[in-house]
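Please work through each task before reading its solution.

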Amino acid sequence: MTDFLPVMPRYEAYKDSGVAWIGEIPDHWCIEKGKWLFNKADRPVENLDEIVTCFRDGQVTLRKNRRIEGFTNALQEHGYQGIRKGDLVIHAMDAFAGAIGVSDSNGKSSPVYSACTPINGDNVYVYYYAYLLRYMALSRFIESLSKGIRERSTDFRFNDFSNLRLVVPHFKEQTTIANFLDYKTEKIDQAVAIKEKQIQLLKERKQILIQTAVTKGLDPNVPMADSGVEWIGQIPAHWEKTRLKFVSKIQSGLTLGKQYPPGNLSEYPYLRVANVQNGFFNLNDVATIYLPKNEALKYLLSKHDILVTEGGDIDKLGRGTVWESDIEPCLHQNHIFAIRIVSSRINCNFIAQFMTTEKVRKYFIDTATKTTNLASTNRTTLGNLTLLIPPLNEQNKILSHIHTQSAKIDKAIAIQAQMIEKLKEYKATLINAAVTGKIKVPDPAESKVVA
């Protein structure tokens with residue numbers, strides 16, 4: 001995608017900007033500090049103003065259903081300011097991540113936002129500077145402005161902005177660049193959205209593949225029978241049905257915070273919910289704990305344990321996979337169950353695949369203990385999960401089929417994901433080149449370059 005840039009025209013002459021991060025700029029452009037281009041708006045709040053939010057994708061719009069009304073909420077409005085459509089808005093704490101944009105609405109905001117207006121509207125096109133500042137954020141330039149002992153460089157307020165040295169093209173060029181980028185980035189975003197949809201469809205296809213294989217088998221002509229379980233439906237007539245508790249040992253994990261007498265303590269790694277993802281383990285950050293050996297033995301993981309998360313956010317409910325002893329020895333936290341299959345006629349990987357299906361997910365959701373935005377299961381509910389048990393040789397054939405077909409789908413997903421990354425890289429490179437004058441952009445209507 002970046003091969004596109006060299007075919008774009010360049011300006012006839014360039015000069016040193018005198019600003020290291022900008023480099024050369026077109027000869028007729030100039031450099032000005034932000035305070036010579038923008039004022040910090042200081043407007044009163046109007047009665048019907050709603051809350052304006054600036055998101056990390058650069059969208060600045062009303063946050064619905066967040067209106068603060070009435071005298072009883074007056075203290076919550078201390079320091080609130082009016083935001084007007086067309087203001088350049090900077091989120092002080094999230095600017096480093098791209099929370100800079102132009103408001104599409106009238107409203108109000110807390111003091112964490114800086115609302116900026118052009119000093120001279122004939123010389124400054126707000127949308128161009130939104131692109132420029134977002135480029136500065138996403139290229140980590142704003143983060144590099146960290147001062148003192150701040151934990152992270154997110155405190156980027158108007159005073160910081162006002163002292164930045166910024167490029168100033170002619171006003172017509174600012175509008176041309178911004179309009180060009182609107183046109184091109186919309187095309188790129190549409191292409192990304194299409195590929196993200198393709199990835200979602202591939203994931204759904206994989207899910208259907210797995211669910212069909214582990215609940216119906218590979219032979220579409222095999223005699224079927226009612227499973228007697230509503231959420232499972234019909235299954236091959238020769239398959240068995242049982243409950244998880246009858247073919248496994250379900251081990252609870254260690255509870256943190258318990259104090260042990262000093263001495264004779266050993267260090268052990270242990271898995272947290274964040275380490276147990278849907279179908280894989282994330283072992284980039286594994287915590288450790290000190291405890292006596294006899295205590296640790298209660299929570300040791302064994303190869304081929306199926307790890308399942310207790311819950312939390314709804315996406316964390318019942319997710320997991322088979323442990324292959326990547327770390328040894330290793331323990332697990334109490335919010336993770338370790339399922340140890342004790343039957344020689346069951347392949348643990350078959351059960352793990354069965355537990356990833358939408359049918360089992362529905363079981364977990366329907367039986368979960370729920371509070372606002374949270375859901376959790378327990379050992380008893382987990383043990384009562386109905387399992388389908390084909391003959392062992394059929395389990396192995398099903399697993400082989402899933403492995404082969406999933407590998408093809410995963411490869412297709414990886415290709416689409418790689419193309420998305422290339423599109424995003426192209427978008428970032430295009431914005432950088434356009435706002436700093438490294439390319440001379442044509443009018444969008446005249447552009448023959450395909451995004």
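Buried means under 20% relative accessible area, exposed means over 50%, and partly exposed lies in between (1.4 Å probe, protein chains only). The model is predicted: local features need pLDDT of at least 70, and side-chain atom pairs count only at pLDDT 80 or more, whereas totals for chains, interfaces and linings use all residues. Residues are numbered from 1 along each chain as its sequence is written, and side-chain values use heavy atoms, with hydrogens and water left out. Helices (H or I, at least four residues) and strands (E, at least two) are DSSP runs, numbered from the N terminus.

**Exercise 1.** Classify the ring pair of Y11 and W29, and state where each residue lies.

*Solution.* Step one is the rule: rings of Phe, Tyr and Trp (its six-membered ring) pair if their centres lie within 6.5 Å; planes under 30 degrees apart count as stacked, over 60 as edge-to-face and the rest as tilted. By this rule there are 14 aromatic pairs. Step two applies it: the ring centres of Y11 and W29 are 5.8 Å apart and the planes stand at 70°, so the pair is edge-to-face. Step three places the residues: Y11 is in the segment before β1 (14-16) and W29 in the loop between β2 (24-26) and β3 (30-33), 18 residues apart, so that the pair links distant parts of the chain. Step four concerns accessibility: Y11 counts as buried at 11%, and W29 counts as buried at 1%.

**Exercise 2.** How do α3 and α9 run relative to each other?

*Solution.* First, axes are lines fitted to C-alpha atoms, for helices over the stretch in contact, and angles run from 0 to 180 degrees between N-to-C directions. The axes of α3 and helix α9 (residues 392-435) are 10 Å apart, and the helices pack at an angle of about 170°. Next, angles under 35 degrees count as roughly parallel, over 145 as roughly antiparallel, 65 to 115 as roughly perpendicular and the rest as oblique. α3 and α9 are therefore roughly antiparallel to each other.

**Exercise 3.** Which backbone atoms does the side chain of S17 reach?

*Solution.* Begin with the location: S17 is in the loop between β1 and β2, and it counts as buried at 8% relative accessibility. Its side chain reaches the backbone nitrogen of V19 at 3.1 Å and the backbone oxygen of G23 at 2.5 Å.

**Exercise 4.** Describe the backbone features at P329, S325 and H304.

*Solution.* Start with the loop between β21 (320-322) and β22 (331-332), where P329 is found. A cis peptide bond, with omega about -5°, joins E328 and P329. S325 is found in the loop between β21 and β22; S325 has a positive phi of about 60° although it is not a glycine, and at 19% relative accessibility it counts as buried. Finally, H304, in the loop between α5 (293-296) and β19 (306-309), has a positive phi of about 80° and is not a glycine. At 38% relative accessibility, H304 counts as partly exposed.

Technical notes: Polar contact = N/O pair within 3.5 Å; in protein donor to acceptor, adjacent residues only side chain to side chain.
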